[in-house]
Amino acid sequence: MSQTPIKQDFSVTFTYQLYFTEHLFNIENPLFKTVVEGYKTHTRLKVLFVIDHGVERAHPELRNSIVNYCKSHSECLEYTASLVIPGGEVCKNDPEAVQTVLRAINEEHIDRHSFVVAIGGGAIIDMAGYAAAIAHRGVKLIRIPTTVLSQNDSAVGVKNSVNSFEKKNFLGTFAPPYAIINDTVFLHTLEQRDWIAGIAEAIKVALIKDRAFFEYLEGNAEGLKNREMIPIEYVIYKCAEMHMHHIAQGGDPFENGSSRPLDFGHWAAHKMEQMSNYELRHGEAVAKGIALDMVYAHLTGLVSETVLNRILNVMKAIGFDLRIPVSTDQEMDTLLLGIQEFQEHLGGELCITLISEIGVKRDVNSISYDTMKRAITELNHTYLN
């Protein structure tokens, strides 16, 4: 017997906020308590902390501060435990890291009305967010990013992931956080390479969306390199604002389509990270990927040499090493496999974001491998000499 199909449409509204502060876990700072209370007042809510080992090493007082803060606000915060886990891509490559968080969620009885609080760089936040998203089909997540890159880009999005099958972000979820809290104090202890690396994502979003923002980066390149707080705080705020606006207003927050403009420069970046055994920071690889795609765009007639050199000069002035780390034909071919892997990760037709001028993106659906090989050679041996 033929029956009429049953169709159901529904929509779900997601809301989260990005907060800015200093000394988040100072007892006199009410922000963390206020954020948690905003979920459910007059209730003690459990909080489980996942802390990047590098952050804990740089801020040895952090765990005690967290415990004391929760005790001082015990009317709404029920402290359970603090897990300290190696950060960087190590935690995204090691399945045991996710299992450690899941075990703690189980043993501490963290439920859908409790909070996992991830404190660290983008990798820890990705990994802990993935664990939180799959436990009980989703427990609340608060992200406290501690690097420039995580504060201005990776922690403000809606994705969580770990690496598998030697592919970056092969396992993951779309699960918006409950909130993100940026504490500028964590930035002061960053290594120089981590300070610079995060600026790559600001360059990316400026090139595809906002010429005036690129001109700000250009005019403040020296100050950014020299770790001046006023320009870096503006860059973090502006980049995060543009990123969040794209998610909310871009029409494809969960990436059901083929265009991913926020992944400008990322096809090569992801592959270079994997080829380097993740010795390259994500932002360092993104900078190289942007430079490579800019040379490719010039070789295909999309941008002038004047525009290309202007962009490369800004990146070099900030301190980026833009050389593509391949020295043999085999390594070059391995890098170019990243184009296919990028397409497979998203599905559908290939869609690589380039630009036609500063602030104007251009999506292309095919890449000439021969021209891309030429772009690698010319970037390494012409534009960086």
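Q: Which residues are exposed on the other side of helix 10?
A: A212 and G219 are exposed there. "Exposed" is used for a relative accessible area over 50%, "buried" for one under 20%, and "partly exposed" for values in between, with a 1.4 Å probe and protein chains only. Helices (H or I, at least four residues) and strands (E, at least two) are DSSP runs, numbered from the N terminus.

Q: On what basis are these features reported, and how are residues numbered?
A: The model is predicted, and local features need pLDDT of at least 70, while side-chain atom pairs count only at pLDDT 80 or more and totals for chains, interfaces and linings use all residues. Residues are numbered from 1 along each chain as its sequence is written, and side-chain values use heavy atoms, with hydrogens and water left out.

Q: How do you know on which side or sides of helix 10 its buried residues lie?
A: The buried residues of helix 10 (residues 211–219) are F213, F214 and L217. They cover an arc of only 100 degrees around the axis, and therefore lie on the same side of helix 10. The arc is that of the directions from the helix axis to the C-beta atoms.

Q: What do the buried residues of helix 10 pack against?
A: Their partners are helix 9 (199–209), helix 11 (221–225), helix 12 (229–249) and helix 15 (305–318).

Q: What makes the protein as compact as a globular protein of its length?
A: The protein holds 17 helices and 10 strands. Its radius of gyration is 21 Å, close to the 21 Å that the globule rule gives for 385 residues, so it is as compact as a globular protein of that length. The radius is taken over C-alpha atoms, and the rule is 2.2 Å times the number of residues to the power 0.38. Along the principal axes, the C-alpha trace spans about 75 × 60 × 35 Å. Buried residues make up 54% of the 385 residues.

Q: What share of the contacts between residues at least 6 apart in sequence join residues at least 24 apart?
A: The share is 77%, a contact being heavy atoms within 4.5 Å.

Q: Why is M127 called buried?
A: M127, in helix 6 (residues 122–134), has a relative accessible area of 0% and is therefore buried. Leaving aside neighbours within four places in sequence, M127 is in contact with I85, C91, K92, A97, V98, V101, S161 and V162. M127 and H42 are 85 residues apart in sequence and 31 Å apart in space, C-alpha to C-alpha.

Q: Why does H266 count as buried?
A: The relative accessibility of H266 is 3%, so the residue is buried. H266 lies in helix 13 (residues 266–275). Beyond neighbours within four places in sequence, H266 is in contact with E201, K204, H282 and V286.

Q: What makes E378 and R374, both in helix 17, fall into their accessibility classes?
A: E378 has 19% relative accessibility and so counts as buried. R374 has a relative accessible area of 45% and is therefore partly exposed. Helix 17 covers residues 369–383. Not counting residues up to four places away in sequence, E378 touches V295, L299 and Y383. The C-alpha atoms of R374 and Y296, 78 residues apart along the chain, are separated by 8.1 Å.

Q: Why is L346 assigned to its accessibility class?
A: L346, in helix 16 (residues 329–346), has 18% relative accessibility and so counts as buried. L346 and E255 are 91 residues apart in sequence and 7.7 Å apart in space, C-alpha to C-alpha.
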